[in-house]
Amino acid sequence: MKSKNLRLNTAIRAIETTTGLQLLKPEAQASMVGVTIEDFEIRIYGRSDLKDDALLLAKAAWLDGEISLKDYNEIAKAFGLSSLMNCKVIYAPTGRAGEYGGLATNPYDGCSHGCEYCYVPKMKRMKPSLFHEKAKPRENFIQMLEADLKKYQEHGITGKQIFITFSSDPYNPDDNELTRQAIILIHQYGLGVNILSKGGKRALKDLCLFIPGLDSYGATLISESEETRLLWEKNTAPVQERIETLEAFQEAGIHTWVSLEPVVSIKDTSEAIQATRHAVGLYKVGKMNHVSSGKLDIDWVRAITDLVLSLQACGYWAVDGTQERQAGYYIKEDLRKELLKVNEHRWDSSGFNERWYRHSIEGKGLK
Ligand code: SF4
């Protein structure tokens, strides 16, 4: 409880320092004594940069009438990653999703890729069989997207990427037209897109729309093996097709990345790195969280250290994940927590220490 209070106070200071605004009135600040993050329904995932915390705290302050909507929007702009308050379909994802991008939008509901580890049905409290039937375009999505984009334009926010999508695959087997329309519209308002797909070559028809230096194209790859793919992601595009699509985007000058999430075995993930290293700027590595751990038998400390070593051997270095279009590798929070869980004896006997952690996991300098 104490550390969360500390975190809350740090978040307040972070907002005030960044924006130059006094977030809370003195009397409100006094009443913050003993207030916890939970009181604001803020979910903390241990991110070091505090941006998510600060943004959510600002939202709570606005809802409590402590700051105006104008102040909230100023804060949102200052942090550069947030959704504006009254947007309908552009939002700032938090927690695990927030590690994929500062802004996101979801054109579809449902996805017939049918991945075994899919987290969305649970999140939406839907039967997996129903969710995996078909990707359904969201009603009036383009109209709502344009209304939101106008708000970003009014606030002078340009050059940021919008991640597509957390609730389906932008290049799912059923419909990709809405993805195409969304990309065109987002560009018209001076923002970029960050795509993550397992749809392989379906994305190529839109390659001509992507803008170098603004957009990113990513593919999820849990293995180089077709056998592993069929076991976990039965209706997705073949691995080779996904690799060739990454190659095409890279050749066109688009920032490319691979989501190595979820890690199903050290061997599978290492092979996926080797098979894609010639065509990838950034790797994001994450743990399986939505399938019973009984299905996997992974020594996570070994997995993380082995994968980090093989990424470094391929010439990639840790980044902290706070910037868009980075090059290197990013170890997600859930994996970092596995490393921090190990006892000191094991940590030292593995030859790794705090200095290594800061450099090779957090992407911080050696000084
Ligand atoms: S591609 Fe994504 S949304 Fe679709 S089934 Fe797989 S994990 Fe779920």
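User: What secondary structure elements does the protein chain have?
Analyst: The protein chain has 16 helices and nine strands. The model is a predicted one.

User: How many of the residues in the protein chain are buried?
Analyst: Of the 367 residues in the protein chain, 41% are buried.

User: Why is Leu145 called buried?
Analyst: The threshold for buried is 20 or more other C-beta atoms within 10 Å. Leu145 has 24 C-beta neighbours inside 10 Å, so Leu145 counts as buried. Its place is in helix H8, residues 141-154.

User: What does Leu145 touch, beyond residues up to four places away in sequence?
Analyst: Leu145 touches Val89, Thr105, Ala182 and Leu185.

User: What makes Val89 buried or exposed?
Analyst: The cut-off for buried is again 20 or more other C-beta atoms within 10 Å. Val89 has 22 within that distance, and therefore is buried. Val89 sits in the loop between helix H4 (69-79) and helix H5 (95-98).

User: Which residues is Val89 in contact with, leaving aside neighbours within four places in sequence?
Analyst: Val89 is in contact with Thr105, Phe141, Met144, Leu145 and Asp148.

User: What share of contacts in the protein chain between residues at least 6 apart in sequence join residues at least 24 apart?
Analyst: The share is 74%.

User: What is phi of Arg125?
Analyst: Phi of Arg125 is near 55°, a positive value in a residue other than glycine. Most residues other than glycine have a negative phi.

User: How is Asn140 classed, buried or exposed, and why?
Analyst: The limit for exposed is 12 or fewer. Asn140 has 11 C-beta neighbours inside 10 Å and therefore counts as exposed. Asn140 lies in the loop between strand E3 (136-137) and H8. Phi of Asn140 is near 55°, also a positive value in a residue other than glycine.

User: Which peptide bond is cis, with omega near 5°?
Analyst: The bond from Glu261 to Pro262 is cis, with that omega. Pro262 lies in the loop between strand E7 (255-260) and H12. A cis peptide bond also joins Ile164 and Thr165, where omega is about 10°. Thr165 is in the loop between strand E4 (161-164) and helix H9 (177-188). Most peptide bonds are trans.

User: What makes the arrangement of H12 and H13 roughly parallel?
Analyst: The axes of helix H12 (residues 266-276) and H13 come within 10 Å and cross at roughly 15°. Angles under 35 degrees count as roughly parallel, so H12 is roughly parallel to H13. The crossing of H12 and H13 is right-handed.

User: Which residues of H12 and H13 meet?
Analyst: Ile266, Thr269, Ser270 and Ile273 in H12 meet Arg302, Ala303, Asp306, Leu307, Ser310 and Leu311 in H13. By class, this contact has five nonpolar, three polar and two charged residues.

User: At roughly what angle do the axes of H13 and H14 cross?
Analyst: The axes of helix H13 (residues 300-313) and helix H14 (residues 333-341) cross at roughly 115° and come within 9 Å. H13 passes H14 in a left-handed crossing. In H13, Trp300, Val301 and Ile304 meet Leu335, Glu338 and Leu339 in H14. By class, that contact has five nonpolar, no polar and one charged residues.

User: Which residues surround the ligand?
Analyst: The ligand is surrounded by Cys111, His113, Gly114, Cys115, Cys118, Val120, Ser168, Asp169 and Lys198. By class, this shell has four nonpolar, three polar and two charged residues.

Notes. Residues are numbered from 1 along each chain as its sequence is written. This is a predicted model: local features need pLDDT of at least 70, side-chain atom pairs count only at pLDDT 80 or more; totals for chains, interfaces and linings use all residues. A residue is near a molecule or strand if its C-beta atom, placed from the backbone, lies within 6 Å of it. Ala, Val, Leu, Ile, Met, Phe, Trp, Tyr, Cys and Pro count as nonpolar, Asp, Glu, Lys and Arg as charged, and the others, Gly among them, as polar. Helices (H or I, at least four residues) and strands (E, at least two) are DSSP runs, numbered from the N terminus. Two residues are in contact if their C-beta atoms, placed from the backbone, lie within 7 Å. Axes are lines fitted to C-alpha atoms, for helices over the stretch in contact, and angles run from 0 to 180 degrees between N-to-C directions. A crossing is left-handed if the near helix is turned anticlockwise from the far one by less than a right angle, and right-handed if clockwise. Angles under 35 degrees count as roughly parallel, over 145 as roughly antiparallel, 65 to 115 as roughly perpendicular and the rest as oblique.
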